Amino acid sequence: MVGLAPYIAILRRRWPILVAIIALDVLVSGYLYRKAHNAAGFQACTTLYVADVTAPGMVSAADTNATAQLLAGESAANFFGDDINDVAQSQHVAAYVSARLAPRHLPNTSPSDIDGAVSASRLDRTLHLCVSNAYSTSALAAAQVLGTAMTSDRALFVGKAMAKRTFVNVISDASVGPASSSHALLNFGLRVILGVLLAIGLGLMWDALDPRVRDKRDLERTLGVPVLATLH
Amino acid sequence: MLLARLQILAPEARSVLLARAQPEGTVEPLAREVAAAAAQAGFAGRLARVPGSDDSRYGSAPSRLSGLPDAELTELQIDMKELRETERARAALHAGGGYTVVAGGSILDSPETLLLCRAVDVVVLVGYRAKTLRSDLEAARDAVERAGGRLAGAVFVD
């Protein structure tokens, strides 16, 4: 605690800089948090199953190299799954979803609204596709169309040859819920902490660069003689 | 307190020069109080001014030390001829065996103040918070040492 005392004294002396930076940081972080929170709104998700139609299940029992083919089928399904993951998040699919939703006149369903609002993750052969939107109806409808795009209409995006080799089916219909704001809150917290650290750093740096005498100890250090009196 | 600490640091000293490092400010009220404290302590307190150090140009005077009552002080005049001859200046400052406090100007701007450094027993530099540059303080300290003066301590004006 004794070692920190000089630094605390500096921060107390430079409090206007600290207060200004922290206030600005909280304002900017709060604005970004609000923006992220509002943008997320709702999230609708659907789950798909992907398989390789040339996998061992489709291969005749007489085949002697079944293990190798099993592994090959597993790898191929994973590869297709990853491919569909990437395709689902593309502009091409966003335009398709937007076009399919256009007759329904749902809000926030332009290609630019859909593009970037799709997130996808794969666990083995299951794909989890989610669409974020400020409106729950739009999010749900977009997730349903996305499911169709990646199943019955997948040939439009992955090509006919690959579509033929893959089996993709919706195993969990789209459902909608409030988008998780945990990341927004975490980001807000991290931004505030970083801002406080930045303020402390700048306060200390400002003080170190100040060429004027700051306190009694500073005067003693500079002159190398004791301070005999302090006048207020 | 300033006089007491000075007495502990330099018990033999009978003359002290109070000077600044920067051009702004005045040390005369402080010098007057130290001289008054010396008078109260039983010395013949004397206040001297460095000729040519025109402090009245600057407004910021240090606060009073401890509210000491104004004492009867002898004001000593130092002329330029005495300043050029250190021994004569020293004799004038120590005449009568009293305690002489000299209100000086800026060490870096007033040659008279610098000349007095070697005539007085000790020099005390006054530093002002957020006004005095560290580089000026270091230059003033070096100037005092080069002039043959003895820098005994400092006063911090908050």
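In the predicted model, A:Thr46 has A:Leu129 as its bridge partner in strand 3 of chain A. This pair belongs to the neighbourhood of strand 1 (residues 42-52) and strand 3 (residues 126-133) of chain A, two strands that run antiparallel and are joined by eight bridges. Helix 6 of chain A, spanning residues 136-150, packs on the sheet and touches strand 1, strand 2, strand 3 and strand 4 of chain A. The direction of helix 6 makes about 10 degrees with that of strand 1 of chain A.

Stepping back to the whole sheet, chain A holds an open arrangement of four strands in the order 2-3-1-4, with antiparallel pairing. The edges are taken by strand 2 (118-123) and strand 4 (166-178) of chain A; each has a single partner strand, so one side of each is left without a neighbour in the sheet. From one strand to the next, the twist averages 20 degrees.

Chain A also meets chain B. Here, 17 residues of chain A are in contact with 28 residues of chain B. On the chain A side, the elements that give two or more residues are helix 10 (216-223) and strand 5 (227-231). Strand 5 of chain A supplies the largest share, five residues. Sorted by class, the side of chain A that touches chain B has 10 nonpolar, three polar and four charged residues. Strand 5 of chain A also takes part in strand pairing across the two chains: four bridges join this strand to strand 6 (residues 151-157) of chain B, and the two run parallel. A handy place to look is A:Val227, whose bridge partner in strand 6 of chain B is B:Ala154.

Turning to chain B itself, there are six helices and six strands, which follow one another from the N terminus as α-β-α-β-β-α-α-β-α-β-α-β. Of the 158 residues in chain B, 49% are buried. Among contacts in chain B with a separation of 6 or more, 85% are between residues 24 or more positions apart.

The largest nonpolar core has 54 residues. Those with the most contacts inside this core include B:Leu18, B:Ala31, B:Val101 and B:Val155, and helix 2 (residues 28-40) of chain B gives the most to the core, with eight residues. B:Val123 is another of the residues with the most contacts inside the core. Leaving aside residues up to four places away in sequence, B:Val123 touches B:Leu17, B:Ala19, B:Cys117, B:Val144, B:Gly149, B:Arg150, B:Leu151 and B:Ala152. A second, separate core of 34 residues includes A:Ile114, A:Ala117, A:Ala143 and A:Ala149.

B:Leu93 lies in helix 4 (residues 86-94) of chain B. B:Leu93 counts as buried because 25 other C-beta atoms lie within 10 Å, where the cut-off for a buried residue is 20 or more. Apart from residues up to four places away in sequence, B:Leu93 touches B:Ser15, B:Ala48, B:Thr100, B:Ala119 and B:Val120. With B:Val120, the separation is 27 residues in sequence and 7.4 Å in space, C-alpha to C-alpha.

How values were computed: Residues numbered from 1 in each chain as written. Chains lettered and ligands numbered in written order. Predicted model: local features only at pLDDT ≥ 70, side-chain atom pairs only at ≥ 80, totals over all residues. Contact = placed C-beta atoms within 7 Å. Nonpolar A, V, L, I, M, F, W, Y, C, P; charged D, E, K, R; others polar. Pairing = 2+ DSSP bridges. Axes fitted to C-alpha atoms, helices over the stretch in contact; angles between N-to-C directions. Core = buried A, V, L, I, M, F, W, Y, C linked by C-beta atoms within 7 Å. Buried ≥ 20, exposed ≤ 12 C-beta atoms within 10 Å, placed from the backbone.
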